[in-house]
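Let's take a walk through this protein, one spot at a time. Have the chain open beside you as you read.

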Amino acid sequence: MRFGVLGVIEAWQGTMLMDLGHSRQRHVLGALLVDADRAVPADALLERVWGEQLPQRGREALYAYLSRLRQALPGTDIVREQRGYRIAVDAKAVDLHWFRHLSSRARETDTDERAVALWQEALELWRGEAFVGVDTPWFNAQRVRLEAERLAVQLDLVDARLRLGLHTRILAECSTRAESLPLDERVVGQLMVALYRSGRQAEALRHFDIIRRRLGDELGCDPAVTLRQLHQQILTADPAVSSNGSTTDGSRAGLAQSRPQRLLPPRSRASDGEQAEETVASGRSITPGFPTRSPAAASGRNCLPRGLPDFTGREKELARLVAFARNGAAVHAVDGMAGVGKTSLAVQAGHLLADRFPDGALFVDLQGHSLGKTPLAADEALETLLGQLGVAAPTDAQARWRAKTAALRLLVVLDNAVDEAQVAPLLPTGPSQVIVTSRARMPALAGAQPLSLGVLPESEATAFFARIVGTDRASAEPEAVARIVRLCAGLPLALRLSGARLAHRTAWPVAHLSAQLADTRQHLPKLFADREVALAFRMSHEQLSPGDQRVFCALGRHPGTDADAAVIAAMTGMPVAGADDALQRLVDVHLAEEAAVGRYRQHDLLRQYARSLSDDPLVTERMLNHYLQAVTHAAAHLGGAGHQDDAAQVWLMTERSNVLAATRCAAAEGHTDYAWQLAISMWHFLARNLAGDPIELLEKGLSAAQDAADGGEAMLNTLLALAHWSAGHTTLAHNLLAISAKQHENTESHAHTLALLGLMLLQRGDHTAAYDHAERAFTTLTQLAGLSPLGLDAKIITHWTRGTVQGLQGEHEAALAHLRAAYTGCQELSQLSPNDHVLTALARCLIALGTHPEALSHLEQARSLRQRIGDREGEAETLVLTGTALRASGHPNEALTPQRLAVTMLDNDTRLQAHARIELGRTLHTLGHEAEALKQHMSAVALAHQGRYLHEEAQAHQALARLLAATNPKRARRHEETAAQIGTQLGLVHPASLPHLRPAGW
């Protein structure tokens, strides 16, 4: 078993690449391999693999990964010891340690030829950047350290090859390295020697002037003595630096270590440079079975663009491309939306794979989606590819390409393709590998292995952004960085543009850029206007047919998290089948995603671009009408028999968040009628727990509304308050309503909030404040013309609240007028009204006024309604009041049955249970059953006192005072006094029980 960390973390059994599982599992293996055959403490492993992002159950996760690694690596022991965990492998079986071993041997050998062979063997172990795709502080530090070791070996190798007279062969390498390390004096010195020996003395001297100026400008210092001495020697044509010159010290030290007058030690004993190079090239490999670069690879052309120094993440995708290549897959088709990083991935993978293809790595931009450019024809693309191979394109370029590539092992990157037809003539015929990138999927490209590229996960996007702006700067403002990552939606191009803007403005806090992005969130961010993001989207959009463009815009205008073909069909006026076909075409070109079967969505920035293309209000109205009809249809079939009820519930569970988003959209865009018809319908579903946890759903909806900043939050805030109220979180509900009520708006929505807050205050016993809020709401409504269902609902609440408060104060005639007005409003509002609450309150008032038959009729209707909707407490209240009406009308015996039933229906810790026992006790007292009546009243006192139900506690004490007046006057007076004290506290002379209030009913 052999292991590699100098690239993607991998393991091989013979020539077979092992499946190491989850990326984090690979990281655990890498952390162990750095200390091969040495114990690593568990805490150290956790720190190495997770850094500061340690999960809550980190040790359990570590143990699980270790267990799976044991299964994935048969024959390799991962041993638990007192000091930690040890992977029992020979250090020489790990490319990192073998690299160090070879490097050490090269420095100890006595001939340059042998040293060159050893150093080349060492460098061929590298398959790319060490620990590809791993981003924790420990791994990053190891990567920096290893890159320094790799550079040291590369420079030692250059020194040796210069001593061997191979300056012409390494001139390009020295020049490239000097460009990337412009302040490294040893690197520049090597380039100067190579140039001078190649007869380019003036260029060698110019490079000295360049580094001298840079050191002075950037560091405020002069070149070191060694480099200044080399400059003088080149200036004076000192034989010590000539191609056949020699020094007398006999050492093999490089330029940086030799004495000023001895800049280059003696050449090797080879007769000339060619012979020395042949000796190196023909040396036997001593690397024990590691996949390495071919020595012939140096002769192949690498025409790939420069890899991005800040390339981050994509570990799984890179591993797949590497695995594809090893398994013999000839063509890899990478597809993805504009700006997702297809080209960057292809180039990064190309550099990782290039050394496996000795005849070269080629690259061509096919201009499939380039602004202002026409996609390349086959002959144009082949002219470029053949040119990279040093072949002039003949008349029949395709035949020449096929013939030329038949025996070559090439890596070919065909970037930015339009479709399969453009790619097919460009595929080489020999044992080559091809990576194609395109915005469109290529199912018809024969034999291609597809790889669809999505946006960066949050962790990788955060790391990528941090590398652009600087890790110190990013770590100082993690919340602002997280906000930018969310606003850019993980799109690499957007992250790069944002990061570059910040990187060049060092005075800006990260939060400043975050605020700028958030301010422009309602359309494609101004920061990206006329830049690559918008242009990339525009190119993709312009290539669509007119019908597909309409569907693209409609999907962007849809306010929910995803959409089905039915709503898109409604928004565009298309048949459902036609809309679904169009959506599938958008998926194929990455202008939409099919997150689940039949559910479509767009990337956030893509959605913003789509919205910027059209603002036709008819599209929104069609969407709202579709959802209202669908909700109404579902409501009509809920509670029915068979598959129709099941289908209605499935639809509701699937579409609940979209209906909520449509409700918010309607409110934000001024479609008040739609907004509240949807809101009231949706609330009926939420209250019946048919759509999961309503609080969680509404909180997510409210959070999305706040992030989008396009309005509609007030309505969701009200629905969330109702959900908390219904769940018993009365303080939270009150606070949410109070916040909404502070907005000084003369609108139905504001009046409705005031009315609901009045209901809440009444339930809390604050009668005066409840009445005042109802009055304010009613005054607002009288100033509005033509009330919607929302306004009518608010008006009913104001009448109900004022009538209920007046009834509690004993003003029953005044209360009756309000409650009859509420009843009339319910009839006008039809099925959307809270009929049962109004009927029950009206019955209470009529009982107090002695109109018992009408009261009993209303209670019968109310009980039927509450049975139908499953309101058990509300049904018990109607039974209690039915008994009260029967007793008051002279039928106490008939009253006992409904009141006893009510007591059994209610829990023992509710306000209604106390009220039910008070009324049952009164009926028993009327019938002469004093002992049992006393028991019921005492139970009511205990329940009310324990639950702090002051209205019911006062009533229970009043009932006891009447019951005991004849038999125990002294005790009766105490109950009378207690009732009076509570009445004073409530501001009522004769407190009555508060009515049952079900928030969902409103």
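Start at Leu849, which touches His812, Glu813 and Leu816 when residues up to four places away in sequence are not counted; contact here means heavy atoms within 4.5 Å. Leu849 sits in helix H37 (residues 835-849), where helices (H or I, at least four residues) are DSSP runs numbered from the N terminus. The C-alpha atoms of Leu849 and Glu813 are separated by 7.8 Å, though the two are 36 residues apart along the chain. Leu849 counts as partly exposed because its relative accessibility is 30%; the scale runs from buried (under 20% relative accessible area) through partly exposed (in between) to exposed (over 50%), with a 1.4 Å probe and protein chains only.

A word on what you're looking at: this is a predicted model, in which local features need pLDDT of at least 70 and side-chain atom pairs count only at pLDDT 80 or more, while totals for chains, interfaces and linings use all residues. Residues are numbered from 1 along each chain as its sequence is written, and side-chain values use heavy atoms, with hydrogens and water left out.

Now jump to helix H9 (residues 201-219). Ala204, Leu205, Phe208, Ile211 and Leu215 are buried in H9. Seen down the axis, the buried residues of H9 fall within an arc of 120°, so they line one face of the helix; that arc is taken from the directions from the helix axis to the C-beta atoms. Why would such a spacing work? An α-helix has 3.6 residues a turn, so residues three or four places apart point the same way. Over on the other side of H9, Ala202, Asp217 and Glu218 are exposed.

What lies over the buried residues of H9? The cover includes helix H8 (185-197) and helix H10 (225-235). His231 belongs to H10 and touches Met192, Leu205 and Phe208, again not counting residues up to four places away in sequence. At 17% relative accessibility, His231 counts as buried. Just after H9, Gly220 takes a positive phi of about 70°.

Finally, the nonpolar cores, meaning sets of buried Ala, Val, Leu, Ile, Met, Phe, Trp, Tyr and Cys residues joined through side-chain atoms within 4.5 Å. The largest has 148 residues, and Phe465, Phe552 and Ile568 have the most contacts inside it. Helix H33 (residues 748-763) gives the most to this core, with nine residues.

Terms used: Helix = DSSP H or I, 4+ residues; strand = E, 2+ residues; numbered from the N terminus.
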